[in-house]
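Please examine the structure below, and then follow the explanation residue by residue.

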Amino acid sequence: MKIYDNPAREDWDALLARPGKADDAAIRQSVAAIMDDVRQRGDVALKELELKFDKVGLENIQVSEKEIDTAETLLEEDLKEAIRNAKDNIYKFHAAEIPSLAKVETAEEVVCWQKAVAIEKVGLYVPGGTAPLFSTVLMLAVPAQIAGCSEVVLCTPPAADGSIHPAILYAAKISGVHKIFKVGGAQAIAAMACGTATIPKVYKIFGPGNPYVTMAKQLASLQDVAIDMPAGPSEVAIIADSNAKAEVAAADMLSQAEHGTTSQSVLFTTSKEFALEVAGEADRQCAMSSRAQYISKSLDNSKIFILPDLDTAMDMCNAYAPEHLIISCDGYRDLAEKVINAGSVFLGYNTPESAGDYASGTNHTLPTSGFARMYSGVNLDSYIKKITFQEISRKGLEKLAKTITVLAENELLTAHKNAVEIRLKN
């Protein structure tokens, strides 16, 4: 892990660059071919691609009701209780986001308002990889359940025996997922974007994934569906002063580093002694971890910056625009007011990023790779659209007419002008 002492501002962009990206051109070509194949051959292509990439031969792509019911019996009660508790907290937080859309009289007897309507059909993607991400099921499905989406489908790659982890199935069941499919990778995105005989076409796709999944989402968004956001490797930034505990800061860095070899953890601190202590503690904890093979490579991407004061640390952090931001310092509430770019923020010495990943209630599907500069994380608004309405009385139209007709005439759109004037003549 590299340590930088008070780097010059003109060097910040280069120093904050994410780990090297994969060959986008090669990935695009491969993914485009997969998507064309699924578009043309549907379920036949999906089964062949699952055999090729996930090494499993499937007779049925859809998870049966029996499999879902059996999954619940395979889980220990403490895990089921934890999943239910996390689901309840996520539900409470996102239910509080239900918009209150009042009618507004913008001019005399000109009334405008909005109506929030759920996106009817949404697709959720839950990666496979090195860990069963049943928490991601909750994060994606619960807001869809609250929004009232009428068709919620979920795709996730199967294990070599054709099964889906029972915790994924249980989380999907209690979160209102309607259909679950044993399909992963770019082919899953293609299936939800285009539709097959088995997998219904959706209107918006949610969820993280590897570079192939991300590319598939981006290509699908050009012509077929909407997507939640571009997604990349997980990342965390920490702003800490000398009163923070080095072993805690190191643990927070490793909690993101264990996601995969391309994840990144960044620490901004005002203390050189603290920086050195965290670096040593990170190496010590890595050696003890069951996922050391991932963490050690991720730590090669990770960095520590020593800065003259916390305001400068926040400036550099805003330039980084992290997915997760932990502020572990005295006066953290005041410093938090200066956050401009971050997906989700964790305040104080006792708030680990792990809480947001699992059970505090906020969503963990967040913008990565600097996209926090312009994207929000997944929230209830992600699953709804707002339709505007207006109602104008005769008197209201008479009062508004001159404004409309003058604007229309000067834009050379005379039919717009006539649509007003013809009403006033009748």
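In this predicted model, Asn-210 is partly exposed, because its relative accessibility is 40%, a value in between the limits of under 20% for buried and over 50% for exposed. Asn-210 lies in the loop that joins strand 7 (204–206) to helix 8 (211–220).

The UniProt annotation "binding site", from an unreviewed entry, includes Asn-210 together with Tyr-125 and Gln-187. Although these residues span 86 residues in sequence, no two of their C-alpha atoms are more than 12.5 Å apart, and they therefore gather at one spot.

Tyr-125 belongs to strand 4, which covers residues 121–125. Is Tyr-125 buried or exposed? Tyr-125 has a relative accessible area of 4% and is therefore buried, since the cut-off for a buried residue is under 20%. A polar atom of the Tyr-125 side chain lies 2.7 Å from the backbone nitrogen of Gly-185.

The explanation now turns to Glu-353, a residue of helix 14 (residues 353–358). Glu-353 is buried but forms no salt bridge. The nearest side chain of opposite charge is that of Arg-291, at a distance of 12 Å. Which side chain makes a polar contact with the side chain of Glu-353? The partner is the side chain of His-324, at 3.1 Å. When residues up to four places away in sequence are not counted, Glu-353 touches Asp-252, Ser-255, Gln-256, His-324, Ile-326 and Phe-346.

Notes. Residues numbered from 1 in each chain as written. Predicted model: local features only at pLDDT ≥ 70, side-chain atom pairs only at ≥ 80, totals over all residues. Heavy atoms only, no water. UniProt positions renumbered as here; feature names shortened; annotations may be inferred. Helix = DSSP H or I, 4+ residues; strand = E, 2+ residues; numbered from the N terminus. Buried < 20%, exposed > 50% of the residue type's maximum accessible area, 1.4 Å probe, protein only. Polar contact = N/O pair within 3.5 Å; in protein donor to acceptor, adjacent residues only side chain to side chain. Lys, Arg positive; Asp, Glu negative; His and termini not counted. Salt bridge = Lys/Arg side-chain N within 4 Å of Asp/Glu carboxyl O. Contact = heavy atoms within 4.5 Å.
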